Amino acid sequence: MGEKKSFKTVMDRDGIDRCLTRIAYEILEKNKGMDDLVLVGIRTGGVFLAERLKKKISGIEGGDISLGILDVTLYRDDISTSYKKQHPGKTDITFSLDGKKVVLVDDVLFTGRTIRAAMDALIDFGRPKMIQLAVLIDRGHRELPIRADFVGKNLPSSLWEAVTVNLVEKNGIDEVIIVEDAK
Amino acid sequence: MKLEKKDILGIQDLSVGEINLILATAESFLEISTREIKKVPTLRGKTVINLFFEASTRTRTSFEIAGKRLSADTINISASTSSVVKGETLIDTARNLEAMNPDVIVIRHSAAGAPRLLASLIRQSIINAGDGAHEHPSQALLDMMTIKEKKGAIAGLKVAIIGDIAHSRVARSNIYGLTKMGASVALAGPATMMPRDIEQMGITVHNKMEEAISNADVVMMLRIQLERQKQNIFPSLREYSQHYCLNRRNIALAKKDAIVMHPGPINRGVEISPDIADDPDRSVILDQVNKGVAVRMALLYLLTGGSQ
């Protein structure tokens, strides 16, 4: 901290909005409508994106789509090794996942470990018919055999960079930035 | 934020920040117990030993369930089935358990200070599940969590604690916790059950129960320990209950929305009348038990390296 970090903006408010609009249409296209479809946002960034997708999907198709909130902290594989840990927040899935097509929503897809944890968590809640993954940014560097079904933007990045998604709901601004030399 | 402690020995040792951290973590764990599959893999591969030298249903079961819901392996040892009956000392028992490499040892013992002694001797985390008349930190934490949920905040509340204060580790831990969190505490009980100089803990002491309850937001009743009657601390149960039983008449002196708490096990008709214990508008006794699992999950999680 204290050092000057250079960052560049790779997506602004309109860019994020267009990506989400496209993803909403793609989700409906792939699933042929919204029957049995539910959204589950991964805390914290994914929750706000999932809320926005819910609005867009309802706007396109009419009708309501269920939205759940998932906290994966307790399913992580680095609880006792990592020094940088997250707040174990509340999970809030008030509907059954049995037989549902679940679209997991997260902001950045990176190593894939969060998604691995999220899938373990979802399966503890029931037996979804299918789990799909929607992310705003795919920055590469996967450590597990996981890929997203819906991607806002592919952003090849170096391991020395940090990709940050800021959203109005928590940061007061909509933007995707790359911070260089983040170590 | 991380809990920078190896052990949980008492509320006296905890800062306001640490209490808030534990309560906030416990909040997140409440929901797990409502799931169909009540288990998360967080503490997979960790071992928790419940070492109970005193009888317990609630606390031991609660710690065991807490460990299991986090996927830890929990092992229960009670004094009657352990080598204690063969004459092994507490320290030897603990050293032997230490050699088996558990991650957390939860201990209840009739001697005040037994958990602290163990904590100083062995490298694993120790959680005090009640030591003599000293402290019962997980009970006070679950009480504070219940109060916080029902009343929104702890600071500024008036909490009355009624009964055998002298022999109550629950009372002591709650006095430490509630005063740290900014509540005012009023005690009442027979003079033989009131520790000398307890006012020094920053509380008010009353002889009459009605004075302590008056205008209270929370009324916490303590179990009258029937085994104490032999020590001539009180003449008869009947006489005790005439003066210190919470009933429809005296609860009316508390605030209209006051809640009634009891750490259990309750002696119906002795310290609390059945209609109050079962009053859905007032009694939060079973809420306390429910919160207990979440609080103990939080303690196990935070001591084994989790943070918030």
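**Entry 1: a bridge in chain A.** I began in strand 3 of chain A, where I found that A:I69 is the bridge partner of A:G41. I keep in mind that this is a predicted model. Looking at the pairing around this bridge, I noted that strand 2 of chain A, residues 37-42, and strand 3 of chain A run in the parallel sense, with 5 bridges between them.

**Entry 2: the sheet.** Next I followed the sheet in chain A, which is open and built from 5 strands in the order 3-2-4-5-6, with parallel pairing. Which strands stand at the edges? They are strand 3 (66-70) and strand 6 (150-154) of chain A, and because each has a single partner strand, one side of each is left without a neighbour in the sheet. From one strand to the next I read an average twist of 25°.

**Entry 3: helices on the sheet.** I then looked up what packs on the sheet, and found helix 1 of chain A, residues 13-30, which touches strand 2, strand 4 (101-109), strand 5 (130-138) and strand 6 of chain A. The direction of helix 1 of chain A makes about 150° with that of strand 6 of chain A.

**Entry 4: nonpolar cores.** I turned to the largest nonpolar core, which has 87 residues, and asked which of them touch the most other members. They are A:L70, B:M144 and B:I161. The most residues in this core, 10, come from helix 11 of chain B, residues 285-303. Apart from this core I found another, of 30 residues, including A:I27, A:L28, A:I57 and A:I137. Going back to A:L70, and leaving out residues up to four places away in sequence, I listed what A:L70 touches, among them A:V40, A:G41, A:I42, A:T91, A:I93, A:L104 and A:F125.

**Entry 5: chain B as a whole.** Finally I looked over chain B, which has 11 helices and 9 strands. A compact globule of 308 residues would have a radius of gyration near 19 Å, and chain B has 19 Å, so the two agree. Along the principal axes, its C-alpha atoms fill a box of roughly 55 × 45 × 35 Å. I noted that 59% of the 308 residues of chain B count as buried, and that chain B exposes about 12500 Å², with 50% of it supplied by carbon and sulfur atoms. Among the contacts in chain B with a separation of 6 or more, 74% are between residues 24 or more positions apart.

Technical notes
Residues numbered from 1 in each chain as written. Chains lettered and ligands numbered in written order. Predicted model: local features only at pLDDT ≥ 70, side-chain atom pairs only at ≥ 80, totals over all residues. Heavy atoms only, no water. Core = buried A, V, L, I, M, F, W, Y, C linked by side-chain atoms within 4.5 Å. Buried < 20%, exposed > 50% of the residue type's maximum accessible area, 1.4 Å probe, protein only. Helix = DSSP H or I, 4+ residues; strand = E, 2+ residues; numbered from the N terminus. Contact = heavy atoms within 4.5 Å. Pairing = 2+ DSSP bridges. Axes fitted to C-alpha atoms, helices over the stretch in contact; angles between N-to-C directions. Rg over C-alpha atoms; globule rule 2.2 N^0.38 Å. Areas by Shrake-Rupley, 256 points an atom, 1.4 Å probe, with all protein chains shown as cover.
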